[in-house]
Amino acid sequence: MVSEYLKQKTADLHDAAEKLFSSDKIFNKTFTFDDYKKIIRNNYLMLLNSENQIIDSLSAHFSEKLQLDQRKKLSVIEKDLSDLSLEKEQASQKVEVLNQNEALGMLYVIEGSTLGGNVIAKQLSKTEGFENVTFNFFGCYKENTGVMWKNFKEVLDTEVKEESYDEVLAGAKKLYTLLLNIN
C-alpha cells in the first residue's frame, strides 16, 4: 500500500519538520505564539507555492474521488495569517509538478499536515496564551479529520499501482523539501 510506503520512506523528513517547528514544545506546553506564527507561515508558503499546481495536475477522476474542492487549504490558512497579523506574500518558490503521481505525493504531505495539525490544535487550545486562537488551518476538517484522512489513504491505496510508488514518493519529498527550506 502506497500510504505505508510513503510513511516509511518520508519518516526522516517528517521528523525533520517536527524538529524545525519545535513540536516537542507543543506537548510540554512551552510552545510560544512566535513558534505558532512560524509554523503557520511555513505551511502558508508551502501551500502558496504548490496548491494550485497540485490541483491542476490531478484528473477529474481524482478530483471527484478525493473531494478536492473540500481539501483546498490556501484560503483557510490565509484566515490564520490575518488573525496573526501576518502579511500575505508572493509565490517565489513554485513547485513543479511533473505528473499526477507527484501531485498525489504532495497532497499526502498536505493532508498529513492537516491530520497532525488537528492534534496540534487540540493540544495548543489547552496551552496558556492560545485560548483565543481559531486554528483555521489545523482544524479545517473539525470532527471530520479522521474521515477525510481515511478517505484520502483509501483512494491512494486503491488507485496507485506499485510501479508508480517512486513517483508518488518523489512528489512527497519535493514538498517536504520546500516546507523545510522556507526562509
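**View 1. The lining of the largest pocket, sorted by residue class.** By class, the residues that line the largest pocket divide into 15 nonpolar, nine polar and five charged. The structure shown in this and the following views is a predicted model. The volume of the largest pocket comes to about 710 Å³. Its lining is made up of 29 residues, and those closest to the centre of the pocket are H14, E18, G112, G116 and Y176. Two or more lining residues are given by each of helix 1, helix 2, helix 3 (23-27), helix 4, helix 9, helix 10 and helix 11, and the largest share, nine residues, comes from helix 9.

**View 2. The largest cavity and the residues around it.** When the whole structure is searched, one cavity of 30 Å³ or more is found, and the largest cavity holds about 50 Å³ of space. The residues that line the largest cavity are E51, I54, I55, L68, R71, K72, L107 and I110. Helix 5 (51-57), helix 7 (68-71) and helix 9 each contribute at least two residues to this lining, with the largest share, three residues, coming from helix 5. Sorted by class, the lining of the largest cavity has five nonpolar and three charged residues, and no polar ones.

**View 3. The largest nonpolar core.** This core has 56 residues, of which Y36, I40, M46, I54 and L175 touch the most other members. At least two residues of the core are supplied by each of helix 1 (2-9), helix 2 (11-20), helix 4 (33-48), helix 8 (74-83), helix 9 (100-124), helix 10 (145-159) and helix 11 (165-180). Helix 9 provides the largest share of the core, 10 residues. In soluble globular proteins, nonpolar side chains tend to be buried together.

**View 4. The surroundings of Y36.** Y36, which is placed in helix 4, has a relative accessibility of 1% and therefore counts as buried, the limit for that class being under 20%. If residues up to four places away in sequence are not counted, Y36 touches F31, D80, L84, L124, F130, V133, F135 and F138. H14, one of the residues closest to the centre of the largest pocket, stands 22 residues from Y36 in sequence, and the C-alpha atoms of Y36 and H14 are 18 Å apart in space.

**View 5. Aromatic rings around Y36.** In the whole structure, a search finds 10 aromatic pairs. One of them joins F33 and Y36, whose rings are 6.3 Å apart from centre to centre, with 45° between the planes, a tilted arrangement. Both F33 and Y36 belong to helix 4, where they are three residues apart, about one turn of the helix. Are these two residues buried or exposed, or in between? F33 is partly exposed, because its relative accessible area of 35% falls between the limits of 20% and 50%, whereas Y36, at 1%, is buried. Y36 also pairs with F135: the ring centres are 5.6 Å apart and the planes meet at 75°, so this pair is edge-to-face. Because Y36 lies in helix 4 and F135 in the loop between helix 9 and helix 10, the pair ties together parts that are 99 residues apart in sequence. F135 is itself buried, with a relative accessible area of 7%. F33, Y36 and F135 belong to one aromatic cluster, whose members also include F31, F130, F137 and F138.

**View 6. Q123 and its contacts.** Q123 has its place in helix 9. With a relative accessible area of 16%, Q123 is buried, because this value is under 20%. Which residues is Q123 in contact with, leaving aside its neighbours within four places in sequence? The contacts of Q123 are with I26, F27 and K29.

Terms used. Residues are numbered from 1 along each chain as its sequence is written. This is a predicted model: local features need pLDDT of at least 70, side-chain atom pairs count only at pLDDT 80 or more; totals for chains, interfaces and linings use all residues. Side-chain values use heavy atoms; hydrogens and water are left out. A nonpolar core is a set of buried Ala, Val, Leu, Ile, Met, Phe, Trp, Tyr and Cys residues joined through side-chain atoms within 4.5 Å. Buried means under 20% relative accessible area, exposed over 50%, partly exposed in between (1.4 Å probe, protein chains only). Helices (H or I, at least four residues) and strands (E, at least two) are DSSP runs, numbered from the N terminus. Rings of Phe, Tyr and Trp (its six-membered ring) pair if their centres lie within 6.5 Å; planes under 30 degrees apart count as stacked, over 60 as edge-to-face and the rest as tilted. Contact means heavy atoms within 4.5 Å. On a 1 Å grid over the protein atoms alone, a cavity is a set of points where a 1.4 Å probe fits but cannot get out, and a pocket is an open set with protein on both sides within 12 Å along at least five of seven lines; lining residues have an atom within 4 Å of a point. Grid points are joined across faces, edges and corners, and a volume is the space filled by probe spheres set on the points. Ala, Val, Leu, Ile, Met, Phe, Trp, Tyr, Cys and Pro count as nonpolar, Asp, Glu, Lys and Arg as charged, and the others, Gly among them, as polar.
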